[in-house]
Amino acid sequence: MPENETIAGLGLEEYKYGFVTEDKPVFKARPGLDEEIVRQISAHKNEPEWMLNFRLKALKIFEAKPMPTWGGDLSRLGETLDELYYYIKPQERLERSWDDVPQEIKDTFEKLGIPEAERKVLAGVGAQYESEMVYHSLKKEWEEKGVIFESIEDGLRLYPDLFREYFGTVVPPQDNKFAALNSAVWSGGSFVYIPKGVTVDIPLQAYFRVNAERMGQFERTLIIVDEGANAQYIEGCTAPSYSTDSFHSGVIEIIVKPNARFRYVTIQNWSHNMYNLVTQRALVHDGAHMEWLDGNLGSKLTMKYPSCYLVGKGAHGEILSIAYASDGQHQDTGGKVVHAAPETTSRIISKSISKGTGRSTYRGLCKIYEGADNAKSNVECDALLLNDTSRTDTFPYIEIEEQSASVGHEATVSKIGEEQLFYLMSRGLSEEEASAMIVRGFIEPIAKLLPLEYAVELNRLIELEMEGSVG
Amino acid sequence: MADVLTAVEGAAAYTKEAVQKRSANEPQWLKSRRAEAWRAWEELPLPTTELEEWRYTEVSRLSWDQVELADPAKNTASADAATGILAGREASARVVQAGASIISIELDEALAKKGVLLLDMSKAADEYGELIEKYLGTQAVPANHSKFSALNGALWTAGIFLYVPRGVRIDAPIRVARYIDQPGLAYMPRTLIVAEDASSFGFVEEMVSPDMEGTTFVNGVVEIIAATSANVQYVAMQQWGKGVKHLSTQRTVAARDANLDSLIVNLGADVARVDLAASLEGPGSRSDMLGLYFAKGNQHFDHNTRQDHRVPHAQSDLLYKGALDDAAHAVFRGIIKVFPKAQRTDAYQTNRNLLLSKDANSTSLPNLEIEADDVRCSHAATVGQLDEEELFYIMSRGIPRNIAERLVVFGFFGEVLERLPMPGVVEELREAIGRKLV
C-alpha cells in the first residue's frame with residue numbers, strides 16, 4: 001500500500017469518520033458537572049490527594065469565570081455543557097498490546113488506520129477513546145534511550161515527582177474558563193519526556209476519538225523536552241456526526257529546555273457538531289526552538305491560539321496555522337508569542353480559507369516585554385475567500401514595551417484571482433482543477449513543513465473540499 | 001453598572017439645566033436636538049477597559065468629571081493669541097475660537113457670493129435653520145453614536161458650520177484656530193462640514209493652548225459630509241499644551257465618487273483620544289486617511305479608526321505613523337469592515353511606530369472584518385527603533401548623532417506628509433514636529 005493511503009486513515013479526507021461504534025463502556029458518569037462528578041473521575045484514576053484538590057479548586061474557578069464574550073458564538077454552549085457526559089471510561093485498563101484492546105474499539109481505530117501508521121512511520125502511538133487512553137506504546141529503541149511516552153494517568157502514577165514539578169505550571173487553571181474546566185475534569189492525553197540530548201527522529205503520535213453522543217473530551221498533555229533534545233509530536237482527532245453538539249477542551253503544556261527543539265503538529269478534523277476550545281502553550285528556554293503546526297479543518301467552532309512564551313535568551317517560537325472553514329464552521333484560530341527575554345525571535349504564518357458560509361478568524365498576540373532586548377517578531381496572515389457568503393476577520397494585538405524590538409505584521413485578504421484562473425484554464429485545466437491548484441499553492445508554504453504523508457493528505461482534502469465549489 | 005452611575009453623578013458640571021441654558025436663545029429644533037443628545041448621554045454607559053475599543057485607555061484619564069463646564073459668556077481667552085495662530089497662513093477663510101466661543105469669521109467676498117457659508121453654528125441656527133437641521137447630528141455623528149459625542153451633542157459651543165455649494169472650488173484652505181487658555185474647564189467644540197456635489201476644498205483646524213496648571217477637558221465632534229464627486233481634505237492639528245485631555249469624535253461620510261481625505265495630527269495634550277470613522281457610502285468613493293503623532297514625556301495617545309465599506313467599488317487607504325519618546329504610550333486600533341454587498345472594495349491600513357526611548361510603549365491593533373469575497377484588503381503594522389545603518393550613513397557625512405536622529409525622524413514622517421496635497425500646511429507641520437524634536 002502506498003504511504004499516502006496508509007495515512008489516509010488519519011482523519012484528513014472528506015468526512016468519512018462520522019461512523020458510530022456500538023460499544024460497552026465500563027463506566028459512564030451521569031450527564032452534567034458538579035463536585036461529585038469530579039470526585040468520581042479522580043476516584044476512578046486512584047489519584048493522590050493533591051490532584052483531587054487541584055481538580056476541585058479548578059472547578060470553583062471554572063464556575064466563577066464568565067463565559068467569554070469574544071471569539072465565536074458561545075451563546076448555546078451553556079446548554080451543551082449542562083447535558084454533556086464529562087467522563088466515559090471505555091475499558092478497565094490501558095493496553096500495551098494492540099491485541100488486548102476490545103474488539104469494537106480496535107475496529108474503530110483500524111478503520112482510522114492507526115496501527116498500520118504506527119508500524120510504518122511512528123516512534124510511538126497513543127490512542128484515546130472517549131475519556132481514556134486505550135492504548136499506548138513506544139518502540140523499544142526509544143524506550144531504551146530513556147524516552148517516556150505514557151498516558152497522562154500513567155505519567156502521574158509512574159513519575160510522580162517529574163509530573164508534579166511541571167503539571168499546571170505552563171497553563172494554570174485560572175488562565176481561562178476552559179483551562180479551568182479541563183483542570184477539573186481532565187482525562188486522557190499523553191505524558192512525554194525526552195531526555196537530554198536525545199533526538200527522536202520520527203514522530204510520536206496521539207490519536208483522539210470521540211464516539212458517544214454529547215461527549216466531552218478533556219485530554220491533558222504534558223511534554224518535557226530536556227536540554228538539547230529534539231522531537232516531534234502529532235495529534236489527530238475525529239468524531240461521529242451527531243445532531244447534538246459535543247465538546248472538546250484540551251490543555252497542552254510543553255516545556256522546551258535550553259537548546260532543545262520541539263514541533264507539535266495538530267491535524268484537527270472533528271465532526272461539524274464539535275465545539276473545540278483548546279489551550280496550547282509552550283515555555284521556551286534559552287536557545288530552544290518551538291514550533292506549532294496547527295491545522296484546523298473540522299469542528300463547528302474552534303477557538304485555539306497555540307502560544308510560545310519565550311522566557312530564555314535566544315529562544316525561538318514559530319506558529320504555522322492553516323484553517324479551513326466550510327459551511328457553518330467558524331475557525332477562530334491564530335497564535336500568541338510572548339517575548340520575555342533578550343534576543344528572542346518569533347514568526348507566525350497563518351493561512352485561512354473560507355468557503356460557503358464558513359468564517360475564519362485570525363486572532364493573535366505579539367507581546368514584547370521591556371528588557372526583551374532586540375526581540376524580533378514577524379506575523380503574516382493571508383486569507384482566501386471562495387464565495388460571497390464567506391467571511392474572514394483578522395484581529396492581531398501588538399503590544400510593544402521594548403525600544404530595541406522589531407515587529408512586523410502583515411495581512412492580506414483576497415479571492416482567487418481571475419487572471420490566475422484564466423492562465424491555468426488556458427492551459428486546459430477545468431475551473432475546478434485550476435481553483436484547487438491555486439488553493440494548494442496558497443497553503444504550500446505551510447503544507448511543505450508537514451511530514452510528507454500529511455502534506456499529501458492535506459492537499460487531497462483540499463481538492464475534495466473544492467469539488468463543487470465553482471459555479 | 002453601579003460604578004457607571006456613580007461616575008456620571010460625579011460629573012456635577014453636566015446637567016439638564018446646563019443644556020437648557022445653552023439652548024436658551026436657540027430655535028426649537030436645536031433645543032430638541034440637544035435634549036435628545038442629553039438623553040443619549042444619560043442612557044449610554046460609560047466606556048470601560050472591558051470594551052475592546054477602550055482596552056488601553058482608562059476613561060478616567062480624560063478627567064472629564066474633574067472640571068467645570070466652560071461658559072461662552074464668562075470663559076474667554078486672549079484674542080491676540082487666538083488670532084495670532086493664523087497670522088501669515090495662506091487662507092481663503094479664517095475662523096477663530098477663543099475660550100468657549102467663536103470671536104471672528106472672515107470669508108473671502110468672492111466665495112460668499114458663490115454661496116459658501118461659514119457660520120457660527122449657534123448664532124446661525126435660526127437664519128440657516130433648515131440647512132443646519134438637515135446635517136447636524138443626523139448623518140455623520142447622531143446623538144447615540146457614542147457616550148462622549150452625545151455629551152458634545154447636548155452641550156457644544158463654538159460650533160462651526162461650513163457649507164460649500166455645488167461645483168464651487170476653493171483653492172486656498174479654510175483655516176480654523178481653536179484657542180483656550182483657562183484651565184479647569186470642559187470645552188465642547190463642534191465642526192460640521194457639508195460639501196455639495198463636485199465642490200472642492202481643504203479645511204485645516206488647529207487646536208492650540210499654552211501649557212496649563214490644572215486639568216482641561218476638550219470633547220470635540222467633527223462631522224464631514226461629502227456629496228457626489230465632492231473633493232474634501234480635512235486636517236486636524238492638535239497642539240494643546242500640558243494639562244489638556246483631548247477627546248475627539250469624527251466621522252466622514254462619502255457619497256458616490258466623492259473623495260474625502262483626512263489627516264489627524266496629534267502632538268500636544270497629556271492624553272489624546274481620537275475616534276475617527278470613515279464611511280464609504282457611494283460606489284467610487286475614496287478616503288485617504290492619514291495620521292501623524294509624536295508623543296513625549298508621559299503623553300498617552302489612543303487612535304481608534306474605522307473604515308466602513310457598505311457599497312461596492314469604494315476605496316480607503318489608511319496610513320498612521322508615530323514616533324514615541326520618553327515614557328510615552330501610543331495605541332492604534334483600526335478596523336476595516338467590509339459589509340457583505342461591498343464587492344470590489346480596495347481597503348488598506350498601515351500603522352508604523354518608531355520607539356525613540358527605552359520606556360516608550362506602542363500598542364497596535366490593525367483589524368480586518370471581511371464579509372465580501374471579491375476584495376483587496378490588507379493591513380500592516382510595524383514597531384521598531386531608529387535604524388543604526390541609516391544613522392551611521394548620515395553620521396559618516398560628518399553630521400552629529402542628535403541631528404542625524406532628527407533627520408531620520410523627519411524622513412519617517414515624510415511618507416505621511418508627502419501624501420498631503422497642501423504644501424503650506426506640510427511646511428507648518430514640519431515646523432511643529434521640529435519644535436518637538438529638540
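Modeller: Helices (H or I, at least four residues) and strands (E, at least two) are DSSP runs, numbered from the N terminus. This is a predicted model, in which local features need pLDDT of at least 70 and side-chain atom pairs count only at pLDDT 80 or more, while totals for chains, interfaces and linings use all residues. Residues are numbered from 1 along each chain as its sequence is written, and chains are lettered from A and ligands numbered from 1 in the order in which they are written.

Colleague: Does Phe422(A) count as buried or exposed?

Modeller: Phe422(A) has its place in helix H11 (residues 418–425) of chain A, and its C-alpha atom is 8.7 Å from that of Ala434(A), twelve residues away in sequence. A residue is buried if 20 or more other C-beta atoms, placed from the backbone, lie within 10 Å of its own, exposed if 12 or fewer, and partly exposed in between. Because Phe422(A) has 12 C-beta neighbours inside 10 Å, it counts as exposed.

Colleague: What radius of gyration does chain B have?

Modeller: Chain B has ten helices and 21 strands, and along its principal axes its C-alpha trace spans about 70 × 50 × 50 Å. The radius of gyration is taken over C-alpha atoms, and the globule rule is 2.2 Å times the number of residues to the power 0.38. For 438 residues a compact globule would therefore come near 22 Å, and this agrees with the value for chain B, 21 Å.

Colleague: Among contacts in chain B between residues at least 6 apart in sequence, what percentage join residues at least 24 apart?

Modeller: Two residues are in contact if their C-beta atoms, placed from the backbone, lie within 7 Å. In chain B, 53% of the 438 residues count as buried. Of the chain B contacts between residues at least 6 apart in sequence, the share that joins residues at least 24 apart is 82%.

Colleague: Which element gives the most to the side of domain 1 of chain B that touches domain 2 of chain B?

Modeller: Domain bounds come from an automatic or database domain assignment, which divides chain B into domain 1 (2–282) and domain 2 (387–438), with 31 Å between their centres over C-alpha atoms. Ten residues of domain 1 of chain B are in contact with eight of domain 2 of chain B, and strand E9 (200–208), strand E11 (231–239) and strand E13 (259–266) of chain B each give two or more residues to the domain 1 side. With three residues, the element that gives the most to that side is E11(B).

Colleague: How many bridges join E24(A) to strand E21 of chain B?

Modeller: In the contact between the chains, 29 residues of chain A meet 29 residues of chain B, and strand E23 (391–400) and strand E24 (406–415) of chain A each supply at least two residues of the chain A side. Two strands pair if DSSP finds at least two bridges between them, and His409(A) stands opposite Ala381(B) in E21(B). E24(A) and strand E21 (residues 376–384) of chain B run antiparallel, and the number of bridges that join them is seven.

Colleague: Which residue in E20(B) is the bridge partner of Thr394(A)?

Modeller: Strand E20 (residues 361–370) of chain B is largely enclosed by the rest of the structure, because nine of its ten residues are buried. Within chain B, ten bridges join it in the parallel sense to strand E18 (residues 329–338), where Arg333(B) stands opposite Leu365(B). With E23(A), E20(B) pairs in the antiparallel sense over six bridges, and there the partner of Thr394(A) is Leu368(B).

Colleague: How far apart are the end C-alpha atoms of helix H9 of chain B?

Modeller: In H9(B), the residues Val409(B), Phe412(B), Phe413(B), Val416(B) and Leu417(B) are buried, and their cover includes strand E15 (286–295), strand E17 (315–324), strand E19 (346–355) and helix H10 (423–436) of chain B. The expected span of a helix is 1.5 Å times one less than its number of residues. For the 17 residues of helix H9 (residues 401–417) of chain B the expectation is therefore 24 Å, and it agrees with the distance between the end C-alpha atoms, 24 Å.

Colleague: Near what value is phi of His313(B)?

Modeller: His313(B) lies in the loop between strand E16 (300–309) and E17 of chain B, and it counts as partly exposed because it has 18 C-beta neighbours inside 10 Å. Most residues other than glycine have a negative phi. In His313(B), a residue other than glycine, phi is positive, near 60°.
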